[in-house]
Each structure stands twice: as C-alpha cells, then as structure tokens.
Amino acid sequence: MKVWARYLIGIAAGVVIGTGSAAIAVRAGALGNNERIGAWSTGKDFGTVRASSYTRAVVALYGLLALPANEARYYTASVDDAGQPLDGKCRYRVSGGRMPSKWWSLTLYDPAGYLVPNRAGIYSINSIALPPAEQTAWQVSVAPLPQTGHWLPTGSGRHFAMTLRMYLPDDGGVGNLSSDQLPRIVRQSC
C-alpha cells in the first residue's frame with residue numbers, strides 16, 4: 001500500500017473516531033465544568049460568555065431556550081441524597097425552603113431528555129403553585145401513583161432526572177447554591 005493511502009486512511013479514521021467520541025460526550029450531557037452539590041449538579045460556565053464549545057454543544061442539544069446565568073440557574077439531579085439513581089417505581093420526598101430567586105420550578109425528565117409522560121398531565125411544580133405559608137418550607141411527592149399534597153408523577157417507572165430552575169437568582173447568577181439551599185431528595189419507598 002502506498003504511503004499516501006496510509007495517511008489518507010489514518011486521517012479518515014481519526015475524523016470518524018474524533019467525531020464519534022465528541023458526539024458520545026455531548027450526548028452524555030454533562031454541562032461543562034460540572035459541580036456536584038449533594039444530589040444536584042450544575043455547570044459552572046453555562047449561561048455565561050465563558051461557556052466552552054463543549055458546553056455550548058450540550059446546551060444546544062439539551063437546553064433549548066436556555067437562559068443566561070443572570071436570568072436562570074439550572075440544577076439537575078439523577079440520584080437521591082443517598083446517591084442512588086432516581087427510579088420511577090419508587091416514591092420520593094423532595095423538600096426545600098425559600099429559594100434565593102424570584103421564581104423556581106421543578107420538572108421531571110426521562111433518560112432521553114423529554115418530559116416524563118404521565119396520564120395526569122403534570123410535568124412540573126413551581127413556586128407560584130405553593131401557598132404563601134409553604135414558601136419557606138415546602139414538600140413535593142415524586143411517585144408513580146397519585147399522592148396527597150403536591151405531586152409529580154414518575155410515569156412508566158423508568159429512571160428519570162429532576163431539573164430545578166431558579167429564575168432571576170438573588171445573586172445575579174454569579175454563584176451556585178449550597179447543599180443547604182438546594183432541595184433534599186429522600187427515597188421513601190420502592
């Protein structure tokens with residue numbers, strides 16, 4: 001085989017392997033410089049001018065209409081406080097206090113990044129849904145079957161992830177919340 005053919009095959013293989021590994025990394029969905037805060041994780045650079053090409057690719061794939069950090073901060077959990085993967089067959093208690101933002105929402109997503117399909121048609125809980133007395137100490141049940149109080153259905157019983165969106169954060173989006181500020185995720189039964 002001629003030397004130029006070997007180089008051409010090597011270049012082609014490099015392009016295919018590089019493109020494939022980049023696609024796999026982006027589809028894995030870690031948002032840039034991930035920071036783990038208890039069960040929650042967030043990217044350090046998304047929604048900022050410092051966002052890397054990798055972070056921008058992940059946001060383009062999973063974060064349609066993602067807002068700049070001074071308008072919204074995003075926290076995602078795919079495990080509970082004990083580090084166990086979130087399972088749609090189980091019942092969880094998600095509880096928190098006053099969130100340092102003007103408005104917040106908690107939404108469930110399936111492994112493909114879509115809203116968890118469910119018969120109840122409930123996809124999110126937000127701070128407006130909570131009466132004033134609950135704003136400083138709130139609780140949401142996340143479970144496959146209807147629950148009393150605030151409930152987010154897990155649908156078909158597959159693994160899922162939660163996204164907490166904090167709109168107009170009090171600090172202007174320059175920092176991350178501490179584990180004391182983020183909601184607790186406790187598995188109650190399975």
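This note walks through a predicted model of one protein chain, point by point.

1. **Ground rules.** The model is predicted, so to speak of a local feature here a pLDDT of at least 70 is needed, side-chain atom pairs count only at pLDDT 80 or more, and totals for chains, interfaces and linings use all residues. Residues are numbered from 1 along each chain as its sequence is written, and side-chain values use heavy atoms, with hydrogens and water left out.

2. **The overall plan.** Start with the inventory: the chain has two helices and 10 strands. Helices (H or I, at least four residues) and strands (E, at least two) are DSSP runs, numbered from the N terminus.

3. Of the 190 residues in the chain, 37% are buried. Buried means under 20% relative accessible area, exposed means over 50%, and partly exposed lies in between (1.4 Å probe, protein chains only). The chain exposes about 10,800 Å², and carbon and sulfur atoms supply 60% of this area; accessible areas come from the Shrake-Rupley method with a 1.4 Å probe, and for residues only the protein chains shown count as cover.

4. **Contacts across the sequence.** Contact means heavy atoms within 4.5 Å. Among contacts between residues at least 6 apart in sequence, 71% join residues at least 24 apart.

5. **The six-stranded sheet.** Which strands line up here, and in what order? This open sheet runs β1-β2-β3-β9-β5-β6, with antiparallel pairing; two strands pair if DSSP finds at least two bridges between them. At its edges are β1 (34–37) and β6, each pairing on one side only. Neighbouring strands of this sheet are turned by 25° against each other on average, direction ignored. For such angles, axes are lines fitted to C-alpha atoms (for helices over the stretch in contact), and angles run from 0 to 180 degrees between N-to-C directions.

6. **A closer look at β5.** Strand β5 is mostly covered, with seven of its nine residues buried. Eight bridges join β5 to β9 in the antiparallel sense, and L108 has M162 in β9 as its bridge partner. Towards β6 (residues 124–126), three bridges join the antiparallel strands, and T107 has S124 as its bridge partner there. Elsewhere in the sheet, β2 (residues 40–43) is joined to β3 by two bridges, again antiparallel, and W40 stands opposite A77 in β3.

7. **The four-stranded sheet.** A second open sheet to find has the order β8-β7-β4-β10, with mixed pairing. Strands β8 (150–153) and β10 (184–189) stand at the edges with a single partner strand each, so one side of each has no neighbour in the sheet. Within this sheet, β4 and β7 pair in the antiparallel sense over six bridges, and G96 has W138 in β7 as its bridge partner.

8. **The core.** In soluble globular proteins, nonpolar side chains tend to be buried together. A nonpolar core is a set of buried Ala, Val, Leu, Ile, Met, Phe, Trp, Tyr and Cys residues joined through side-chain atoms within 4.5 Å. The largest one here has 28 residues, and W40, V142, M162, L164 and I185 have the most contacts inside it. Strands β3 (72–77), β4 (91–97), β5 (101–109), β7 (137–143) and β9 (161–169) each supply at least two residues of this core.

9. **The disulfide.** How many disulfides does a search of the whole structure find? There is one, where a disulfide is a pair of cysteine sulfur atoms within 2.5 Å. C90 and C190 form it, with their sulfur atoms 1.7 Å apart. The pair links distant parts of the chain, 100 residues apart: C90 is in the loop between β3 and β4, and C190 is in the segment after β10. C90 is buried at 0% relative accessible area, whereas C190 is exposed at 67%.

10. **Two residues in β9.** L168 is in strand β9 and has a positive phi of about 50° although it is not a glycine. L168 is partly exposed, at 46% relative accessibility. P169, also in β9, is buried at 10%. P169 and A69 are 100 residues apart in sequence, yet 8.4 Å apart in space, C-alpha to C-alpha.
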